[in-house]
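Please look through the following model with some care, taking the charged side chains before the helices and sheets. The report below is meant to be read beside it.

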Amino acid sequence: MRHLIDEAVMPLIEWLRDGYSLCISLSWGKDSTAVLILALEAIRQAKQQGITVPQCFAITSDTTVENPALEVFFETMAGELERYCAVNQIPVQYIKVEPPMTASFFYVTVGRGKLPRYPGMSRDCSQDWKIHPIIRQKKALAGTEANKIISLVGTRFSESEEREQRMMERGDEAGKILTNPDGDLYAVPIADWDEVDVWTLFRKCDQRLGNHLLTSFTRHFDDLVLLYKDANGGCVSGMADKQLNSAACGARFGCWACVATGDRDKSLQAMIENDRDQYGYLKPIADLRDWLFTIRWDMSTREWLGRSVDPDTGHVVLQPDYFNLETRRRLLRYMLTIDADECAWADKHNDGFPRFQLVQPWQLVAIDFIWSIYRDARHAFSALSEYYDIHCCGRRHYPPMRPPVDKVTVPKRRWFKPPQGIEPPHGIGGLTDPAIMHAQRHAGAILPVITDRVSGQAKEVMAFDTGKEMDIDRTEALLWLEHFISHPIAIDCTGYDPQEAIKFYLHHKIVKFSKGQPAAMDEIIQRSEMWDRLQLQLNVPDIQAYVMEHSISDDEHNMLKGVIPSEFQFDLFREYA
């Protein structure tokens with residue numbers, strides 16, 4: 001073990017000597033934690049040798065949908081790391097990042113209705129929630145730090161054949177500074193280690209033993225070992241002293257909302273079944289996750305009405321690729337119910353301190369805002385009303401336990417041509433509100449001008465704050481939610497149009513747009529308003545049913561565009577052959 005440690009640490013010391021900053025990509029899993037131990041040891045030895053060590057970093061990404069038990073562990077380990085660095089004057093800054101609000105589960109799935117990543121679908125959530133936020137933070141650091149940064153990652157050849165193949169294709173090699181396609185520097189210190197080596201490292205860092213090889217940032221790693229044991233049915237491989245089982249450990253920790261692993265989250269279920277006293281409180285979360293998996297092929301959960309318009313034909317696309325409002329509302333209700341039940345438990349058993357909270361106030365406001373933008377909700381502040389009903393009025397909603405819906409063929413997209421005469425007058429609708437704009441002008445505000453994507457004309461819209469990306473003021477969101485549930489607003493808002501919520505959030509600067517976002521949001525609002533005007537004009541109870549009945553197929557739409565479907569081309573060829 002000493003030889004393996006020295007082989008991994010010596011190159012790191014030389015890179016520090018050359019003035020490089022080390023940046024550990026940290027997930028708090030076993031491999032990235034092993035890399036952190038080695039990096040800290042390299043910095044400690046470098047200081048002993050009189051090397052001026054530059055500022056180094058440990059960066060982790062909070063997906064905002066972490067398994068609550070793991071989140072507690074992460075916070076504990078982070079505290080231990082920061083304490084160790086402060087006491088021993090180790091120049092490592094711990095940084096926790098989050099995905100942008102517009103990439104989060106709450107905005108994308110609960111808010112807009114985009115399907116979660118089911119088996120066989122792209123794992124873009126991993127990129128959006130973990131990898132990209134860390135990359136952005138590293139680039140920000142590179143712009144402010146004088147030293148070049150080397151990212152240290154915990155990938156190993158022996159993890160899997162697929163991982164080995166990808167590492168070989170990249171040319172990964174332990175002990176060398178590598179360059180990714182973007183020109184960023186990285187290294188793989190434990191590339192040649194196997195799982196036995198990783199677990200042995202933790203054992204050799206146990207300060208309770210007289211012969212520990214390293215004095216690391218925490219006295220022992222029992223909590224990490226225990227998590228893997230509980231998530232793998234009680235076994236962890238590779239402990240050299242045989243104190244733990246040597247069966248292969250397949251534990252993989254993921255987000256509680258992840259459905260990419262199939263009908264069950266095996267690690268989460270194993271934790272609950274292995275120690276119900278410790279992890280039994282996670283069962284409602286596991287049930288919610290399993291329900292989310294069961295509805296994949298349930299087409300009654302899907303929304304058909306689209307907002308994208310073909311510029312050549314003026315037809316609106318119809319396709320069931322997003323969850324409808326009823327499904328999203330059920331998902332929110334189930335999460336809020338879990339939170340309310342946890343708060344009730346905390347009041348009885350934990351001095352009012354819940355162990356977790358699935359939906360934070362600012363996330364609830366993000367959901368409420370996007371429901372209003374798409375005009376899915378029937379009245380203003382609909383998501384906040386759900387919170388009031390559950391947390392204040394005692395209503396509860398639990399996901400049904402049922403087998404997954406059988407796989408079906410997803411219906412092909414269709415097209416609908418909105419009739420003439422339902423367009424709003426220019427200057428009305430979207431982000432334009434004459435009353436608010438008049439008040440803002442009177443207050444001295446300069447109203448922004450955007451290009452109306454529906455009419456193609458320039459127009460003034462209400463004033464709003466902008467930033468690098470769309471964001472929610474978390475303090476203001478909390479204050480607004482507390483005010484909402486403690487006043488009659490929660491009851492009275494049912495008579496107000498969803499547009500009122502948009503105006504409120506923007507006018508009071510609770511929601512901030514990105515610089516390029518207003519025109520797109522204005523178009524979405526107008527397209528959504530179009531469906532409401534059409535339903536009012538036609539006086540039909542179900543606008544989706546009417547639109548589907550009066551729509552045309554994708555092939556018919558292609559014919560309108562002068563595109564002959566391939567099967568028609570084949571039939572014509574066969575007829576004249």
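Which kind of contact do the side chains of D31 and R156 make where they meet? They form a salt bridge, with N and O 2.9 Å apart, a salt bridge being a side-chain nitrogen of Lys or Arg within 4 Å of a carboxyl oxygen of Asp or Glu. D31 lies in helix α2 (residues 30-48), whereas R156 lies in the loop between β4 (149-152) and α6 (161-170), so the pair ties together parts that are 125 residues apart in sequence. Helices (H or I, at least four residues) and strands (E, at least two) are DSSP runs, numbered from the N terminus.

The model is predicted, and for this reason local features need pLDDT of at least 70 and side-chain atom pairs count only at pLDDT 80 or more, while totals for chains, interfaces and linings use all residues. Residues are numbered from 1 along each chain as its sequence is written, and side-chain values use heavy atoms, with hydrogens and water left out.

**Salt bridges**

The structure holds 42 salt bridges, including the three in this table.

| Pair | N to O distance |
|---|---|
| D31 and R156 | 2.9 Å |
| E41 and R44 | 2.6 Å |
| R166 and E162 | 3.0 Å |

D31 and R156 are both buried, where buried means under 20% relative accessible area, exposed over 50%, and partly exposed in between (1.4 Å probe, protein chains only). E41 and R44 both lie in helix α2, three residues apart, which is about one turn of the helix. E41 counts as buried because its relative accessibility is 5%, whereas R44, at 29%, counts as partly exposed. In helix α6, R166 and E162 are four residues apart, again about one turn of the helix. An α-helix has 3.6 residues a turn, so residues three or four places apart point the same way. R166 counts as partly exposed at 33% relative accessibility, while E162 is exposed, with a relative accessible area of 56%. Elsewhere, salt bridges that share partners join R203, D206, R208 and D222 into one network.

**Helices**

Helix α2 is mostly covered, since 16 of its 19 residues are buried. From its first C-alpha to its last, α2 reaches 27 Å, close to the 27 Å expected at 1.5 Å a residue, the expected span being 1.5 Å times one less than the number of residues. After α2 comes G50, whose phi is positive, near 85 degrees.

Helix α12 (residues 325-349) packs with helix α14 (residues 382-392) at an angle of about 35 degrees, and their axes are 9 Å apart; axes are lines fitted to C-alpha atoms, for helices over the stretch in contact, and angles run from 0 to 180 degrees between N-to-C directions.

**Sheets**

An open sheet of four strands has the order β7-β8-β9-β15, with antiparallel pairing, and two strands pair if DSSP finds at least two bridges between them. Its edges are β7 (302-309) and β15 (552-553), each with a single partner strand, so one side of each is left without a neighbour in the sheet. Three bridges join β8 (residues 316-323) to β9 (residues 414-416), and V317 stands opposite W415 in β9.

Another open sheet has three strands in the order β12-β14-β13, with mixed pairing. Two bridges join β12 to β14 (residues 511-514), and these strands run parallel.
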